[in-house]
Amino acid sequence: MTEHTQAPSLILRLLSGDLPRSRVLTIILITIVVGLIVAPFFIPGARSLNTAAKILIFIALVASYDLLLGYTGIVSFAHTMFFGIGAYGVAIASSRMEAGWTALAVGTSLAILLSGLLATVIGLFSLRVRAVFFAMITLAVATAFSTLMSQLSEWTGGEDGITFKMPQVFQPSFRLFEEPVFGIVVNGRILSYYAILVAVAMLFLLMLRIANSPFGRVLQAIRENPFRTEAIGYRTVLYRTIASVISAMFATLAGVLMAIWLRYNGPDTTLSLEVMVDILLITVIGGMGTLYGAIVGSVLFMVAQTYLQDIMVLASKASEHIPLLASLVHPDRWLLWLGLLFVLSVYYFPQGVVGSLRDRARGG
Amino acid sequence: MSKPVTAPSASDIPRRPLDWLPVALPLIVAVASLPLIGNPWTWLTLTIAGLAMGMIIFTVSSGLMLVFGLMDVLNFGHGAFIALGAYVGLSVLMPLTPWVEATSVLLNSAVFALALCAGVVVAGMVGLVFDRLLIQPVYGNHLKQILMTTGGLIIVEQLIRAAWGAETVSFNLPASLRGSWLLGEAAVERYRIVALGIGSAIFLGLLLVLTRTRIGLMIRAGVENREMLEAMGHRTRHLFVGVFVVGAMLAGLGGVMWGLYLQNFTASIGAQINVLIFIVIIVGGLGSTTGCLIGALLVGLTTNYVGFAAPKIALFSNILLMLLILLWRPQGLYRVVDR
């Protein structure tokens, strides 16, 4: 309560009244946001900029998944499909048409349309019967979709994916100023980083708005007790379907951002099982149903992934002579450890970082 | 004046009329596809292939169906047992290559049976561990169940990759199961007939156990109303573990058969067939053995027909099938569970 009155009303309104509600969490979030804003100037280098951009994109992607998993309480395995539709939309439009703003706009709008349509059909078919069917049907559709994408190699480049050009402003060769700023050349990469930063910030605030609207409350009610919610008079099928459509559209936009950043798209970057596991893990570790969890979780995960995989290479080399261990710590087995971590965190740490911090703040 | 009161005999209790339409569905699909295929001999080959594939899918999905129906537990890791079955079967057949290649039917059958048994045993044991570690802790919570078992599938798949390698492996059928018989102009692969036989035996066995034994009675009662069964003093928890392990064993058995059917596969064989199993479960209706069989046969038949007649849409044929059935009967072909 005290924090509510203390916070300036502008910030309160920007965050839709959903403050971090924990002093430690507030400090962590401010550090992350400031860090992401100054990242291109303070930690230069292609690799760290890449990590920072991926963190941003995953914040949008995971937050959109959290709307479904954390707020509505339904599991979808098609989130990568919608992510992929966004990325492929931009990729195909940019490689077929003249690369530029028009291609970007056409690709994005077609992708959003397709995602919305698919999500509506899947939702209406599966959620009508049982919410569990949704998980199974999304899995079936997503699997078929990813096979389709690798088969339509004429359009999608198959397993190799497609490389394409972005509008001039986002090309690495573009220079905004003649002179370097703070010793850094402001090129197209840095500009696209900031474009993504602004886009993600807007998407995130919008999702916060949705989650804290009356509509979002109904979703939470459905998560807690669908039967009662239906009894009060809310059509749960409708609400769940709308939630899945909204979530799909946000995932599509995250896919568009991914395409803008990488200027490449292939099945491994957006459609693979590994991306789905990443999303699940980040959602759980950050804290289901908190949205802020997406920020904390993405940072934790991306930093860990970037540096842990190096450690695995070292560990694998060191244990070369121990037959089974070497194959277990081999970098190819990254997914094994992710899976293990995932199971352990669902079991022992279901509230995630944000949930635990909030609990502590409430208790203390 | 009043008539003497007599105890109602069994024939007086109104019985639900047999719902025959779903049973006829595979037949209708088979007949309807004949003009699309054109050549009747090709059609025969495809039909037998479809039925064999359907029986294998039934074998692997029957356990999941019972577990889902009985305890409302949705195991996304069911594919892990199938993958394990396939790889364990491979490990049995590889060192026994002389037996596999021998021309004696006896040795061939022995090695085939050995592979099936090994698959059953290993899958059953892993099933027990799976239940203990991943399903019991989150019992009654759908969301966590899906997450935990998905994690379990990933872990098992990765362990398989670590143990057997990530490359595509290939199976050799025992010598006397190779090749095909000629039925008129239709070539019918021998192994498909064998798979059809094993699958039918399992279906009949399951049906017998479920309808003619006390344990089967309890399972069916649990599927229809678990609380009532518990109120009458039966421990459904023990029943559940039993059904879960048997389901895993059947998945292991089916895994060996599926591996031999595909001949070449990778560790993602489990995740791939998971999709088919889910479609079968949704099509068949929860907790219905017959529904599960019909669903599996429909999936097998459409996969083969569409794969031949219109390979372009083969990818979506099963999803299309599922959508059509759900439009017709939103609860699946047979509804046993009403939750």
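What share of the contacts in chain A with a separation of 6 or more comes from residues 24 or more positions apart? The figure is 73%, and this is a predicted model, so let's take a walk through it.

**Start with the whole of chain A.** Select chain A and colour by secondary structure: there are 18 helices and 2 strands. Along the principal axes, the C-alpha atoms fill a box of roughly 60 × 55 × 50 Å. The radius of gyration of chain A is 21 Å, which agrees with the value near 21 Å for a compact globule of 364 residues. Of those 364 residues, 46% count as buried.

**Next, select residues 46-72 of chain A.** This is helix 4, with 27 residues. From first C-alpha to last, helix 4 reaches 38 Å, close to the 39 Å expected at 1.5 Å a residue. Now centre on A:Asp66, where helix 4 of chain A has a kink of about 40°. Step just past the end of helix 4 to A:Gly73, which takes a positive phi of about 75°.

The contact takes 30 residues from chain A and 28 residues from chain B. On the chain A side, select helix 7 (131-151), helix 14 (273-286), helix 16 (323-328) and helix 17 (334-348); each supplies at least two residues. Helix 7 of chain A gives the most, with 11 residues. Colour the side of chain A that touches chain B by class, and you will find 22 nonpolar, 5 polar and 3 charged residues.

Key. Residues numbered from 1 in each chain as written. Chains lettered and ligands numbered in written order. Predicted model: local features only at pLDDT ≥ 70, side-chain atom pairs only at ≥ 80, totals over all residues. Contact = placed C-beta atoms within 7 Å. Helix = DSSP H or I, 4+ residues; strand = E, 2+ residues; numbered from the N terminus. Nonpolar A, V, L, I, M, F, W, Y, C, P; charged D, E, K, R; others polar. Expected span 1.5 Å × (residues − 1). Bend = angle between axes of the 7 residues up to and from the residue. Rg over C-alpha atoms; globule rule 2.2 N^0.38 Å. Buried ≥ 20, exposed ≤ 12 C-beta atoms within 10 Å, placed from the backbone.
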